[in-house]
Amino acid sequence: MNVSMTVNGEPVSHEAEPRQLLVHFLRETLELTGTHWGCDTSNCGACVVLMDGQPVKSCTILAAMCEGHEIRTVESLEVDGVLDPVQQGFYERHALQCGFCTPGMLMTARALLDENPDPSEHEIRTAISGAICRCTGYKNIVSAVRWAADHEAAAKQGA
Amino acid sequence: MQTPAPFEYERATSVDGAIAALERLGPEARIIAGGHSLLPMMKLRLASPEHLIDINDLAELAYVREQDGEIRIGALTRHVDLLKSELLARHFPLFADAETVIADPVVRNRGTIGGSLCQADAAEDLSAVCSAAKAQVVIRGAGGERVVGMEEFHVGPYMTAVGAGDLLTEVRLPLRSGAGSAHEKVERRAGDWAIAAVSAALWIDGGTIADAGIALSAVGVTTVHLTRAEELLRGKAPSEELFAQAGEIASEDCSPSADGRGPVDYKRHLAGVLTHRALRRSAARALEQEGAA
């Protein structure tokens, strides 16, 4: 079947088997390998992308179900060499080690800050509770998201 | 890589269209909404439907509203919207108790109440929540619509009164005065399935329990409706002693099996403790409501 959706602002249209999962449509058909394919059981959160602005686990959604929807992946965060504040926050606060969970963490954090620009530590921890990191122990990830929130707030005030 | 077996996919554009498609495609067709129960089953090849009918476009099935003395919840209402509903928080706070501990926020963006109920996993929370709240579910098929209570709805493990050509369209929660409710769950880690969970609702009228609903998750092959304890509570004044007795009944009437989450005696004990706690919180909330009214 043909599947059409918007990915990172660009309309895309491709043949896909009805059973193809969004994560594989992104990685194999569109060759957007930034989205990671982790546990395959909607537990680990490495495959999180935004669907119409909401974080979803792309291993548990069919590509066909995204027909007509807007998908945003980690590839959309950096624009013209400038990192998104959540990416910069991960860099500043050393919020990754192996990096496998990072794309999902970044997209989950991006969605959180879009909805709640000033989250408490508890709110950040709740938001990322569907994403598993086996290296850092979360402390630096929480700190990175907070860094991004502070810098976005400051940038807004400056503007 | 976990990949579902091949199937044909189509999107429904109306409730009648979805039911017509079920009728046309036969018993190997399945409705898909959030997909967070069905797709994992398909990936493990525990389910291999030949046709999927996607109802995600049916916005008319996504709502929480008050109508004719009931809270009515559309089948396509997602966990996140149940969690955020002020109407539910006011009248049936056990929904928010459960929704904060069902999976994780990202999963809750997709999963729906209709999907959770139709999956009828005994370890799933909303089946117990709806049972305790004395919910009625609306099932629509080619022959028309019927409304069934939760005891009739739960037919067996992973089996409900929703037949091959049927669509669950709505969950109805009758509003009665003096209501208080709570959901208590113990899990191994955040977002996991319950080791045991208990949903309770009490309707207190003039210091007496007019009605009670209690249902247990994860301690039986189906959601356990604790009718014997409900009968015990009716017509009595709420007390710690009474709730402890109900807890003892929970321990006796559940039928857990030993697994990685714990041995049988532990789960029985836990079911009793959580029943006691859920009733205590339900009573406190019911009395608060009474005080506010």
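Predicted model: local features only at pLDDT ≥ 70, side-chain atom pairs only at ≥ 80, totals over all residues.
Local features need pLDDT of at least 70, side-chain atom pairs count only at pLDDT 80 or more, and totals for chains, interfaces and linings use all residues. Residues are numbered from 1 along each chain as its sequence is written, while chains are lettered from A and ligands numbered from 1 in the order in which they are written.

**View 1. Domains 1 and 2 of chain A.** Chain A is divided into domain 1 (2-76) and domain 2 (85-158), with bounds that come from an automatic or database domain assignment. Taken over C-alpha atoms, the domain centres are 21 Å apart. Domain 1 of chain A gives 16 residues to the contact and domain 2 of chain A gives 12; two residues are in contact if their C-beta atoms, placed from the backbone, lie within 7 Å. On the side of domain 1 of chain A that touches domain 2 of chain A, strand 3 (48-51) and strand 4 (54-57) of chain A give two or more residues. The largest share of that side, three residues, is from strand 3 of chain A. Helices (H or I, at least four residues) and strands (E, at least two) are DSSP runs, numbered from the N terminus. By class, this side of domain 1 of chain A has eight nonpolar, eight polar and no charged residues. Ala, Val, Leu, Ile, Met, Phe, Trp, Tyr, Cys and Pro count as nonpolar, Asp, Glu, Lys and Arg as charged, and the others, Gly among them, as polar.

**View 2. Helix 2 and helix 5 of chain A.** The axes of helix 2 (residues 85-92) and helix 5 (residues 139-158) of chain A come within 8 Å and cross at roughly 130 degrees. Helix 2 of chain A is therefore oblique to helix 5 of chain A. Axes are lines fitted to C-alpha atoms, for helices over the stretch in contact, and angles run from 0 to 180 degrees between N-to-C directions. Angles under 35 degrees count as roughly parallel, over 145 as roughly antiparallel, 65 to 115 as roughly perpendicular and the rest as oblique. The crossing is right-handed; a crossing is left-handed if the near helix is turned anticlockwise from the far one by less than a right angle, and right-handed if clockwise. Among the residues of helix 2 of chain A in this contact are A:Pro85, A:Val86 and A:Phe90, and those of helix 5 of chain A include A:Trp147 and A:His151. The contact has seven nonpolar, three polar and two charged residues.

View 3. Helix 3 (residues 102-115) of chain A packs with helix 5 of chain A at an angle of about 40 degrees, and their axes are 11 Å apart. These two helices are therefore oblique to each other, and their crossing is right-handed. A:Met105, A:Ala109, A:Leu112 and A:Leu113 in helix 3 of chain A meet residues of helix 5 of chain A that include A:Ile141 and A:Val145. The axes of helix 2 and helix 3 of chain A come within 9 Å and cross at roughly 125 degrees. Helix 2 of chain A is thus oblique to helix 3 of chain A, in a right-handed crossing.

**View 4. A five-stranded sheet of chain B.** Five strands of chain B form an open sheet in the order 4-5-10-6-7, with antiparallel pairing. Strand 4 (64-67) and strand 7 (144-149) of chain B are the edge strands, each pairing on one side only; two strands pair if DSSP finds at least two bridges between them. Neighbouring strands of this sheet are turned by 25 degrees against each other on average, direction ignored. Five bridges join strand 5 (residues 70-74) and strand 10 (residues 167-174) of chain B, and B:Ile73 stands opposite B:Val171 in strand 10 of chain B. Helix 1 (residues 15-25) of chain B packs on the sheet, touching strand 6 (136-141) and strand 10 of chain B.

**View 5. Contacts of chain B.** Domain 2 (62-174) and domain 3 (179-287) of chain B have centres 19 Å apart, taken over C-alpha atoms. In their contact, 24 residues of domain 2 of chain B meet 25 residues of domain 3 of chain B. Helix 8 of chain B gives six residues, the largest share of the domain 2 side. The contact between the chains takes 23 residues from chain B and 21 residues from chain A.
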